[in-house]
Amino acid sequence: MDSIIIKDLSVYAYHGFLPEERKLGQNFYISAELFVDLRSAGMHDDISQTVNYAAVCGFINEYTRVHPAKLIETAAEQLAEQILLSFPAIEEVSLSIKKPSAPIGLPLQYVSVKINRKWHEAFIAFGSNIGNREGYINYAIEELRHVVRIKLEAVSPFYASTPYGGVEQSNFINGALRLSTLLLPFELLDLLQKIERGAKRKRDIHWGPRTLDLDILLYDDEIINNDKLILPHPDMANRDFVMKPMAQLVPQKLHPVLNKSMQALYDAIPHDQLHIYRS
Ligand SMILES: Nc1ncnc2c1ncn2[C@@H]1O[C@H](COP(=O)(O)OP(=O)(O)OP(=O)(O)O)[C@@H](O)[C@H]1O
Ligand SMILES: Nc1nc2c(c(=O)[nH]1)N=C(CO)CN2
């Protein structure tokens, strides 16, 4: 991916563990590699299609000055997140903070930390078959819209689907959504479960009726398999009500384990069960 590089921006700031560092301040050198798609800006010579590096430097200078931290790790973590939140064109940032005057009583050139942070792509399946089904799903979408570390990128049509899995129960509304997030997979799972609880979700019957179900289908191309979280969702490719919206959102995207596209996986299962509820 293309990038813009800022090298050793000198910033006077008050990071440090010792009281005198917090009081007197010192010089830090901040470097950032900003991963941005530069093609369009380059083709059209248009600054509105890229990131203004002067604005990013100004932001780094100001943010660092007014947000002192004990650790340079913390300073880097917070700054990387704020850069990603404040400049939407930046998909990923690699950030280093050098501290040349670290008070360790021995001569050194500098100590530094370097971190890499990015927006992750995740897909969520939603479903409901009790009460105000559309209302519960809209509530979940609104909750997600208001999370700072989440950008809701796309929502599929809502589908009416008959129950899958053998439990006799009412029909569902199902669909999927695509989001960009700074949350890690377990943080995302915790958030989704909190939203489910907000919709009075109860867990009694396995695959039974529910006010709101939010499952993580994919998180980048990560493969995770433990008690709390399995990624990709282990049953996604068998479910018409999941694969139809996924094939609509990202037909070419490859399933990281099955290595087939969403469209190919959708084409491979029977689909007699769905109709559009709302687009
Ligand atoms: N990819 C995933 N997304 C959501 N929950 C998951 C995932 N992988 C594992 N889990 C775990 O599954 C547990 C049960 O979740 P839930 O009650 O929503 O399952 P279910 O919806 O009945 O079944 P299914 O996930 O097959 O649709 C959760 O507590 C969670 O820890
Ligand atoms: N149609 C449909 N059937 C289901 C669904 C669902 O969301 N839609 N969810 C289940 C367990 O998660 C079990 N069966």
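**Ligand 1.** I started with the shell around ligand 1 and sorted it by class: six nonpolar, two polar and five charged residues. The model is a predicted one, which I note here before going on. Of the 13 residues around ligand 1, I find that Asp 215, Ile 216, Lys 228, Ile 230 and His 233 come nearest. I then checked which elements give two or more residues to this shell, and got strand 9 and strand 11 (230-231). Strand 9 gives the most, with three residues.

**Ligand 2.** I listed Gly 127, Ser 161, Thr 162, Pro 163, Tyr 164, Gly 165, Phe 172, Asn 174, Trp 207, Asp 213 and Phe 241 around ligand 2. How does the shell around ligand 2 split by class? I get five nonpolar, five polar and one charged residues.

**Whole protein.** I stepped back for the overall picture. I count eight helices and 12 strands in the secondary structure. The C-alpha trace spans about 70 × 45 × 30 Å along its principal axes. I looked up the domain assignment too, and it gives domain 1 (3-118) and domain 2 (120-278). Their C-alpha centres lie 36 Å apart. Of the 279 residues, 29% count as buried. For contacts with a separation of 6 or more, I see that residues 24 or more positions apart account for 65%.

Which residues of helix 5 are buried? I get Arg 133, Tyr 136, Ile 137, Ala 140 and Leu 144. Looking down the axis of helix 5, I see these buried residues fall within an arc of 95°, so they line one face of the helix. I remind myself that an α-helix has 3.6 residues a turn, so residues three or four places apart point the same way. On the face of helix 5 turned away from the buried side, I find the exposed residues Glu 142 and Arg 145.

Last, what covers the buried residues of helix 5? My list includes strand 5 (120-128), strand 6 (150-155), strand 7 (158-161), strand 8 (172-181), helix 6 (185-198) and strand 9 (213-219).

Note on methods:
Residues numbered from 1 in each chain as written. Chains lettered and ligands numbered in written order. Predicted model: local features only at pLDDT ≥ 70, side-chain atom pairs only at ≥ 80, totals over all residues. Near = placed C-beta within 6 Å. Nonpolar A, V, L, I, M, F, W, Y, C, P; charged D, E, K, R; others polar. Domains from an automatic or database assignment. Buried ≥ 20, exposed ≤ 12 C-beta atoms within 10 Å, placed from the backbone. Helix = DSSP H or I, 4+ residues; strand = E, 2+ residues; numbered from the N terminus. Arc of directions from axis to C-beta. Contact = placed C-beta atoms within 7 Å.
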